[in-house]
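Here is a quick tour of one model, taken a piece at a time. Have the structure open and follow along.

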Amino acid sequence: MSGSLADERLAEAGQLRLTWWRFKRHKLAVISLFIVILFYTIAIFADFLATADPHATDARRSYMPPQGIHLFDENGFNPHVYGLKGQRDMKTFKMVYVPDPSRKLQVEFFVKGYEYDLFGFIPTTRHLFGVVGGTPVDGVFLLGTDQLGRDLYSRLVVATRISLSIGLASVTISLILGVLLGGLSGLYGGIIDTIIQRVIEVIRSIPTIPLWMGVAAALPNTWTVIQVYFAITLIISLIGWTELARVVRGRFLALREEDFVIAAELAGAGQMRIMLRHMLPSFTSHIIAAVSLALPAMIISETSLSFLGLGLRPPAISWGILLQDAQNVQVLAGAPWLLLAAVPVVLVILAFNFLGDGLRDAADPYG
Amino acid sequence: MNVLEIDRLTKHYPIHAGFLRKEVARVRAAEDVSFSITRGETLALVGESGCGKTTVARCILRALKPTSGAIRFAPEDDGRMVDLAPLSKRALRPLRRNIQLIFQDPYASLNPRMMVGDIISEPMLVNGVPSAERQKRLMELLDLVGLPAVARSRFPHAFSGGQRQRIGIARALALNPRLVVADEPVSALDVSVQAQIINLLLDLQDQLKLSMLFVAHDLGVVRHVSDRVAVMYVGRLVEVAPTQELYTTPKHPYTQALLAAVPKADPALRDTAAAPIGEVADPANPPPGCAFNPRCPFAVDRCRSELPVLRDVGGGHMAACHRADELNLEGVTGHT
Amino acid sequence: MADLDKPLLSVRDLAVEFQQPGGSVRALESISIDLRPGRVLGVVGESGCGKSVTARAILRILDRNGSITAGKVTLDPATATPTDLTALGAQSPEMREVRGGRIGLIFQEPMAALSMQYTVGNQLMEAIRVHRDPGKAVARQRAINLLREVGIPRPESRVDAYPFQLSGGLRQRVGIALALAAEPDILIADEPTTALDVTTQAQILALLRRLQTDKKIALMLITHDMGVIAQMADDVAVMYLGRIIEYAPVGEVFGAPRHPYTRSLLRSVPSMLAKPRSRLATIGGAVPQPNARPKGCPFHPRCPDMIVGRCDTIAPAPVPPGSVGASCFLVEDAAA
């Protein structure tokens, strides 16, 4: 314990701050943290960021390719796009769009667009950016459009909301179930432990795809998007809690044998105090790490389910549903931009994985 | 006056096997262990790994429930003894403050998420000592174990192994216990730091008139700290004697072997000792008679059939050996 | 036959650094040692002194963030064909031949060297055949002979046992057999008995001594235990914070220690002959962290004889390679 200032700071730093310092060294995890935050920000402000109504269809703009924004023109900085002119290729009968330099569309910030509720309760028509005075055909289509002429960029942005929130909701339910049942299992042991462990094994042995198919068939067609959403969330978490329960139980059993927990017991501390003061703080970091590793699995589950047509159904918009459109090889040959819907999935999953690894290493540098 | 009396303490661990978890065997971790500790005395409990010394210590702390036997403890100086063995967790709680533990591992025994001040004060907090008194006592304790006052607002990771062990000692002393169980308190430390902690324990004991059960395997350390020594082998006490006597005139061949096996820090004493043959017996399946008989150079037929009992072989020197009176065993000799 | 005075392995001015998030940490500095046939070099020091790093650097098995930044490790320095091990690739075929083939390694925890999935015999046979393959049947016979040589009872049946079926002492014997499998003439034993009980330790040390004398092996014995050094070593290198601070024959180290650290360390070892309840001499403070190495002599903050303005500013010269002495200004001054 030399008296230098840095040492002093280190000596008086709690576990949380030490964890943060260790986490900061993990460059990839820090970058991932920013990506995750970015995506959740997008999810919160999805409609504000969208440029076109994600549900609006128009046959006149079917399969439009991505449209580049020109930032400068002869007058300097002046963001604009050129309107697209559709021509039918007489050999293939496909619509081919070419930019029409005569129609210069001004891109501006905070333009008026379709109506939506910010945060779900503030009605507004303002969007971050868009084309001034846009019409169904004259707009900005950053990532192109799909068969029905819906703007892919706007749809992706709005899909973020469902795809990410379904993960969060499932993880929350899994967490509650996992901590509760894992905790009971680890705390009481004996017959309770055996029963819970057997249940976990049974659940983990159920083949998921047939289960999904069965469940999908069982969900009534009359259900609204919201109802299906909650049903899917619940199903994903009913499977997902087992992993968390195992982590919690394992930590519980390990901590019970820790010398410092025995020390508290010998000091005369009650069960409650031992739990809250000694055991819980020692594994919150593990839980956070486990959660950040469980999240991508949940997101993937939703995406795969919806992709297979077993999860959410249109008109709901999720990454899985967007990818459903990219199932057909012929469509992909003509409109490869539809595959861009896979990019955010890959990005978010990787980011969560790196973040989880980073958190785990930072929380427990020894194991 | 005795602070602790252990009477025929026995702890068996059943071994279960098969689908119905039937008991197939028992590990006799501690068998018929009896000894006592007087006020201000240090009794060392020594033996090799698996001999049952830790089991006995954990039974006294009632971290384990003994299979049979009594653990009589005097919570006050009025001569009243309470048997801890049959008590429930709830009934034990008010007595716990009188028996405290010093751990072996200075790293695992301190909660890394608590400040040192909170760690040391915890026993006082949970036993309802008022805040102002806690603060005062905390400063006393830090001073007592030789830590600076600033230590209380720091976390354990800022301290070296030796300093952490001081923190653990301060916590153990917080409630003025009558008995301290020290479980290998210096075996994880470097030699130079080990010496500091041994001295600290000696000083504290003189100052506070503590009774101590010192569980250890290092016979050099034991010689420095203890008044009496109890030697265990395969779950049983084989010899109990005042320290000096045990080292110079051991009465059990196992004690002699143990003393001879310690490498002496003196190149002149080389090759004087023959290593004992064979291995420690399995406590689930000890040999009949004396458990040491397969390794004992002095074993006779009687040793292979009849279990020797711990008996007084003169002047409070106890040994469990049929031939204790006739054998002339050699202890450590030399000078320093 | 090897000349007994010519070293088999010479280390000269070896330095090792570890890359850590806070910058590079110097783990070893100016290490020079000689391993001679039929002699035991004891390397002793407290945790963090670099004794294990020295062994790992010689064998080129440093952790990935560690590297040799200076010095030479020469195999057969006295012959016409010396090999500088630091010039070889850590994973080169030549280095693999040296590891195991010329230099055997015995670990503290034999489980580190043994795999749970293979029988003792399989692992021994693999080690025998990897260097000079005599065929399967001969290798099996050699494996059984090796087990007999390291004192394992019933080697014919034990050869087919898995390591987890053996006790700690037997496992360490297998670990020694494994190190000897390719008949190396140099052995490095890193705390070979630290995990063992005293009576087992005595057996293993006796075994090591017998093998080393019979086979004229050059043994480098790394330990923190002054007793083990006194019983086993011919020459002693005392290490502190990555430096050898004293290098001398064992009799001189214990009889007339030169360096203040050696003197203090010897005084702080608990003695088997001490008066009961006697205090020990201590060294103040604790070993500094390697990344907080003091300026000047690394021992000066704890040294009772520190010369202000000298010991705390410049580091004393290392002990000259191949000679006896201490790295200390007091010793330099006395000689002048």
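Which residues does Arg256(A) touch, not counting residues up to four places away in sequence? Keep in mind that this is a predicted model.

## Around Arg256(A)

Arg256(A) sits in helix 8 of chain A. Its contacts, leaving out residues up to four places away in sequence, are Gly186(A), Leu187(A), Val261(A), Ile262(A), Glu265(A), Gln271(A) and Met279(A). Take Gly186(A): it is 70 residues from Arg256(A) in sequence, yet the C-alpha atoms of the two are 8.9 Å apart in space.

Val261(A) and Ile262(A), both touched by Arg256(A), are among the buried residues of helix 9 of chain A. That helix, residues 259-266, is mostly covered, with seven of its eight residues buried. Just past the end of helix 9 of chain A, Gly268(A) has a positive phi of about 100°.

Helix 6 of chain A runs over residues 190-205. With 16 residues at 1.5 Å each, this helix should span 22 Å, and its end C-alpha atoms are 23 Å apart, which agrees.

Now for the sides. Asp193(A), Ile196(A), Gln197(A), Ile200(A) and Ile203(A) are the buried residues of helix 6 of chain A. They fall within an arc of only 125° around the axis, so they lie on the same side of the helix. The general rule behind such a pattern is that an α-helix has 3.6 residues a turn, so residues three or four places apart point the same way. Over on the other side of helix 6 of chain A, the exposed residues are Ile191(A), Ile195(A), Val202(A) and Ser205(A). The cover over the buried residues includes helix 5 (152-188) and helix 8 (225-256) of chain A.

## Two domains in chain A

Chain A splits into domain 1 (36-41 + 156-363) and domain 2 (58-148). Their C-alpha centres are 38 Å apart, and the contact draws on eight residues from domain 1 of chain A and nine from domain 2 of chain A.

Between them, the two domains of chain A bury about 600 Å², with 72% of that on carbon and sulfur atoms. Who does the work on the domain 1 side? Trp337(A), Leu338(A) and Leu340(A) supply 61% of the area that domain 1 of chain A buries against domain 2 of chain A, more than any other three residues.

## Chain B meets chain C

The contact here involves 51 residues of chain B and 49 residues of chain C. About 4,000 Å² is buried between the two chains, and carbon and sulfur atoms give 55% of it. On the chain B side, His224(B), Pro263(B) and Arg270(B) lose the most area to chain C, together 17% of what that side buries.

## Strands in chains B and C

Strand 9 of chain B (residues 228-233) is mostly covered: five of its six residues are buried. It runs parallel to strand 3 (residues 42-46) of chain B, joined by four bridges, with Ala44(B) partnered by Val229(B). Strand 10 (residues 236-242) of chain B is antiparallel to strand 9 of chain B, with six bridges. Tyr233(B) stands opposite Arg236(B), and in the hairpin of these two strands Val234(B) takes a positive phi near 45°.

Chain C has an open sheet of four strands in the order 2-1-4-5, paired antiparallel. Strand 2 (23-35) and strand 5 (83-84) of chain C form the edges. Strand 5 of chain C pairs with strand 4 (residues 66-75) of chain C over two bridges, and Thr74(C) faces Asp84(C) there.

Definitions and conventions
Residues numbered from 1 in each chain as written. Chains lettered and ligands numbered in written order. Predicted model: local features only at pLDDT ≥ 70, side-chain atom pairs only at ≥ 80, totals over all residues. Heavy atoms only, no water. Expected span 1.5 Å × (residues − 1). Buried < 20%, exposed > 50% of the residue type's maximum accessible area, 1.4 Å probe, protein only. Arc of directions from axis to C-beta. Contact = heavy atoms within 4.5 Å. Pairing = 2+ DSSP bridges. Domains from an automatic or database assignment. Buried area = accessible area lost by both parts, 1.4 Å probe.
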